[in-house]
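The sequence and structure come before the description.

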Amino acid sequence: MTLCYGSCQSWTQICHFNANINPMKKTHRLKNDSNNNITVQKFATKTKASSSKRFKNKQKSKEYSKPISESEENLPIPQINTTLIAFLDKNPILSRNFYQIDALDLAPRLLGKFLRRDDVVLQITEVEAYRPNDSACHGRFGKTARTAPVFGPGGHAYVYLCYGLHMMLNVVADKEEAGAAVLIRSCAPIYGLGTIQQRRGLKTEKPVLLAGPGKVGQALGLSTEWSSHALYTAGQAV
């Protein structure tokens with residue numbers, strides 16, 4: 001699993017922005033306006049125990065949906081094709097230094113970047129930043145067996161099981177021992193739609209397919225074994 005660069009040619013690629021984020025403001029949302037520019041808006045958070053900062057890049061998706069048949073559920077995962085190889089050549093893996101900044105600064109930089117595992121490529125459309133002093137941050141009480149990965153160096157994955165059901169993918173931020181991370185809240189499918197739909201058990205191209213952190217983890221086929229995996233190098237979970 002890796003994180004790749006993008007360009008700003010279409011909605012399926014990165015959208016750059018110039019926005020000064022004030023860490024004293026509780027929550028911000030990033031979205032596209034009619035001129036394809038990023039704007040910043042304050043909005044009220046719905047959760048009680050979170051002083052995290054959320055960033056969002058709204059995307060359009062085709063409206064197509066139908067249930068998956070039993071025969072489709074058992075289809076083999078497709079191999080990486082030449083189109084995907086060309087895409088990866090154009091969008092190199094992000095370097096380790098990219099992640100070694102404050103979580104609040106890293107979060108908006110992750111919008112529009114590409115997450116890739118095997119033949120599946122997702123574009124990040126919504127993220128949420130967590131610092132150690134945030135009430136909902138897993139690092140706020142110090143290092144434990146479960147939270148040790150979030151105290152690793154920036155650029156590693158922190159994957160945890162939520163409510164015994166959902167695998168939540170976080171990108172560790174800042175220097176080692178900082179205990180900060182950015183939660184990947186939603187994505188848009190770029191490659192491997194069939195694999196994504198098979199893993200999700202939902203045959204649709206609507207935003208609901210990947211609108212939620214648990215859905216992203218399911219689409220990537222993640223488990224907690226992916227915690228501490230370096231996102232700046234290709235390879236399997238450690």
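A polar contact is a pair of N or O atoms within 3.5 Å; within protein, one must be able to donate a hydrogen and the other to accept it, and residues adjacent in sequence count only if both atoms are side-chain atoms. The model is predicted, with local features needing pLDDT of at least 70 and side-chain atom pairs counting only at pLDDT 80 or more, while totals for chains, interfaces and linings use all residues. Residues are numbered from 1 along each chain as its sequence is written, and side-chain values use heavy atoms, leaving out hydrogens and water.

A polar atom of the Thr147 side chain lies 3.4 Å from the backbone oxygen of Gly142. Thr147 sits in the loop between strand S7 (120-130) and strand S8 (157-162); strands (E, at least two residues) are DSSP runs, numbered from the N terminus. Thr147 is buried, with a relative accessible area of 6%; buried means under 20% (1.4 Å probe, protein chains only). Beyond its neighbours within four places in sequence, Thr147 is in contact (heavy atoms within 4.5 Å) with His138, Gly142 and Tyr158.

In strand S6 (residues 114-117), Phe114 and Arg116 point one way and Leu115 and Arg117 the other, and all are buried. In a regular strand, side chains alternate between the two faces of the sheet. Strands pair if DSSP finds at least two bridges between them.

| Strands | Sense | Bridges | Bridge partners |
|---|---|---|---|
| S1 (residues 2-4) and S6 | antiparallel | three | Leu3 and Leu115 |
| S6 and S7 | antiparallel | four | Arg116 and Val121 |

S6 and S7 form a hairpin with two residues between them, and Asp118 in the turn has a positive phi of about 55°.

Key: Buried means under 20% relative accessible area, exposed over 50%, partly exposed in between (1.4 Å probe, protein chains only).
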